[in-house]
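This briefing covers selected local features of one protein model, grouped by topic. The sequence and the structure come before the notes.

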Amino acid sequence: MRNRPRASLGRILHDLGTTVLDVAASPGELDAEVTGVHVYDPLDELIVPSGAILLAVGVQGAGEICALLDRVPHASGVVVKLPVDVDERVRAAVLETGVAVLGLTRAASWAQVAALLRSLLAEGELAEPDGEGAHGDLFSLANAVCALLDAPVTIEDRSSRVLAFSGRQDETDPGRVETVLGRQVPERYLRQLEEQGVFKRLYQSHGPIHIELDDETIVNRAAMEVRVGDEILGSIWAVVREPLSPQRQRALADAAKIVALQLLRERAGADTQRRLRADLLSTVLAGGADAAEAAGRLGIATTRLCVLAAQLAGVPADPAQGENDRQRFCDALALHVGAIHPKAAAALVGSVAYAVLPLAAGGDEEARAVRVAESFLARVGPRHAANIGVGRLALSLAQVARSRADADRALRVLRTRGTAGQAAGYAEVHFESLLLQVADVAAAEEQAPTGPYQRLLDHDAEHGTELAATLGAYLDAFGDVNLAAARVHVHANTFRYRLKRLVEISGLDLADPDARLTVMLQMRIFGR
């Protein structure tokens, strides 16, 4: 029997995103279990079960919100139309009752959000990672709209990709047939639509529009945007011989609302599946008693595994776009490793995309995993600049946590180097990783340079000299004065004089290998 992931308030908000609901005031962690959805009616007796979300229709102002919170102290959340008046009284009431206050975008209807929340809660158990999506429902909607309009329709996303289509496409034109077969509006038709300003009209009209293209081979179209609040989710396109009647225009507008709800449900379902997959893979990567069950639910191998930790380089200016890029990057990684081995798995955990890659016996497994990572980076390089760390081979699920730690450390080394588009195995960067770990300990314990190196740094700070840099150049050149002098762009005699001075000031014995090692390690840990 499969365990059902708890329908917590935080999970629901994460899956929906902030398009419909956003947190206005929170008591802390949004881990309260959601048991149902109820609509507030001031004329009825207010009976709200523990854990319910209350849709506060008509409630506005801090005073009304506080009064309502006092009456429903066992609810998980109260939803109010934006803008939400949150003051110190509301914050205090939220902390006292533990009930979160959520804001609903003004453009969304209460019926829409109620249906969406109930749909999420009524799913019962979250879909398995490989479960079927709800596209069948979207195709049924397309056929229903086709019947309402008496015209073949397609439902498309913002990028003009076909999400669903109705029957009767044989009654259309070659452009529509090509669109349906390719599940994408062809580029030449997109150019025509853009040149005639069709998309601008469509997304600004808030109602159906009639389209006549300058192409005798294309039958006229009626189109309607699909939106929720300020977010445009896609559009509905119908092949029509003449403009729609007012009655059919209303039918198309009403249908767009239902399609918007279905698209939100599908997006929430897809996000939920990703979240579930990430939770399961996190359990596998952490090891422990539940790793075997999680691996079984993911359908991944349990022996001879390498963990890959992949992360996009740089910090995105737009957090929302960054999250979208990370998810697309992870989807591409999952496809890549899945093509190599059917029992591979990948999921986004935080900002890192982890992949568990099974490898056949034959030796040199880590090097083979690195080649897989390099192949992936070469494929996505033009779109995604990223680095990948590869862990050591895990011979059992118990060793997967170690392989994950190795991959994280290798990835950190690449990130510290400031590189992009690189893959490295843990063995390759082992020493650099150890130095970073030692530096972490030194920083945590607020340690500082000591001995000769500390005396050099103090002298440089006091007199504006560069003796520490001189010592670093000398050690990097293995004691070759001419080479070291060239690297710091001074004459060899000048370099020898600086070397003599730093020895006098610091008391460092350059003939002692232990002394050289000590100062070299301090330079790596504390910086020059």
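His 384 sits in the loop that connects α12 (365-380) with β14 (386-390). The model is predicted. His 384 counts as buried because its relative accessible area is 12%, under the 20% cut-off. Apart from neighbours within four places in sequence, His 384 contacts Leu 312, Asp 325 and Phe 329.

- Strand β14 is mostly covered, with five of its five residues buried.
- Burial applies to both faces of β14: Ala 386, Ile 388 and Val 390 lie on one side, and Asn 387 and Gly 389 lie on the other.
- In a regular strand, side chains alternate between the two faces of the sheet.
- β14 pairs with strand β11 (residues 305-312) in the antiparallel sense, over five bridges.
- Within β14, Asn 387 is the residue that stands opposite Gln 311.
- β14 is also joined to strand β15 (residues 423-425) by three bridges, and these two strands run parallel.
- The bridge partner of Gly 389 in β15 is Ala 424.

**The five-stranded sheet**

- Five strands form an open sheet with mixed pairing, in the order β1-β5-β4-β3-β2.
- Its edge strands are β1 (21-25) and β2 (36-39), each of which pairs on one side only.
- From one strand to the next, the twist averages 30 degrees.
- Four bridges link β2 to strand β3 (residues 52-55), and the pairing is parallel.
- His 38 has Leu 54 in β3 as its bridge partner.
- Helix α2 packs on this sheet and touches β3, β4 (77-81) and β5 (100-104).
- The direction of α2 makes about 155 degrees with that of β4.

**Helices α2 and α3**

- The axes of helix α2 (residues 62-71) and helix α3 (residues 88-97) come within 9 Å and cross at roughly 10 degrees.
- The two helices, α2 and α3, are therefore roughly parallel, since angles under 35 degrees fall in that class.
- On the α2 side, the contact involves Ala 62, Gly 63, Ile 65, Cys 66 and Leu 69.
- On the α3 side, Arg 89, Val 90, Ala 93, Val 94 and Thr 97 take part.
- By residue class, the contact of α2 with α3 comprises seven nonpolar, two polar and one charged.

- Val 90 belongs to helix α3 and is buried, with a relative accessible area of 0%.
- Excluding residues up to four places away in sequence, Val 90 touches Ala 62, Ile 65, Cys 66, Leu 69, Asp 85 and Val 101.
- Val 90 and Glu 432 are 342 residues apart along the chain, and their C-alpha atoms are separated by 51 Å.
- Arg 89 is also part of helix α3.
- With neighbours within four places in sequence left aside, Arg 89 is in contact with Ala 62, Gly 63 and Cys 66.

**Helices α13 and α14**

- Helix α13 (residues 400-417) packs against helix α14 (residues 430-444) at an angle of about 85 degrees, with the axes 9 Å apart.
- This angle is why α13 is classed as roughly perpendicular to α14; the range for that class is 65 to 115 degrees.
- Arg 409, Arg 412, Val 413, Thr 416 and Arg 417 in α13 meet a set of residues in α14 that consists of Glu 432, Ser 433, Leu 436, Gln 437 and Asp 440.
- The residues in the contact of α13 with α14 split into two nonpolar, three polar and five charged.

**Cysteines**

- A disulfide is a covalent bond between the sulfur atoms of two cysteines.
- Searching the whole structure gives zero disulfides.
- Cys 306 is in no disulfide, as the nearest cysteine sulfur belongs to Cys 330 and is 18 Å away.
- Cys 306 is buried, at a relative accessible area of 0%.
- Cys 66 also counts as buried, with 11% relative accessibility.

Technical notes. Residues are numbered from 1 along each chain as its sequence is written. This is a predicted model: local features need pLDDT of at least 70, side-chain atom pairs count only at pLDDT 80 or more; totals for chains, interfaces and linings use all residues. Side-chain values use heavy atoms; hydrogens and water are left out. Buried means under 20% relative accessible area, exposed over 50%, partly exposed in between (1.4 Å probe, protein chains only). Contact means heavy atoms within 4.5 Å. Axes are lines fitted to C-alpha atoms, for helices over the stretch in contact, and angles run from 0 to 180 degrees between N-to-C directions. Angles under 35 degrees count as roughly parallel, over 145 as roughly antiparallel, 65 to 115 as roughly perpendicular and the rest as oblique. Ala, Val, Leu, Ile, Met, Phe, Trp, Tyr, Cys and Pro count as nonpolar, Asp, Glu, Lys and Arg as charged, and the others, Gly among them, as polar. A disulfide is a pair of cysteine sulfur atoms within 2.5 Å. Two strands pair if DSSP finds at least two bridges between them.
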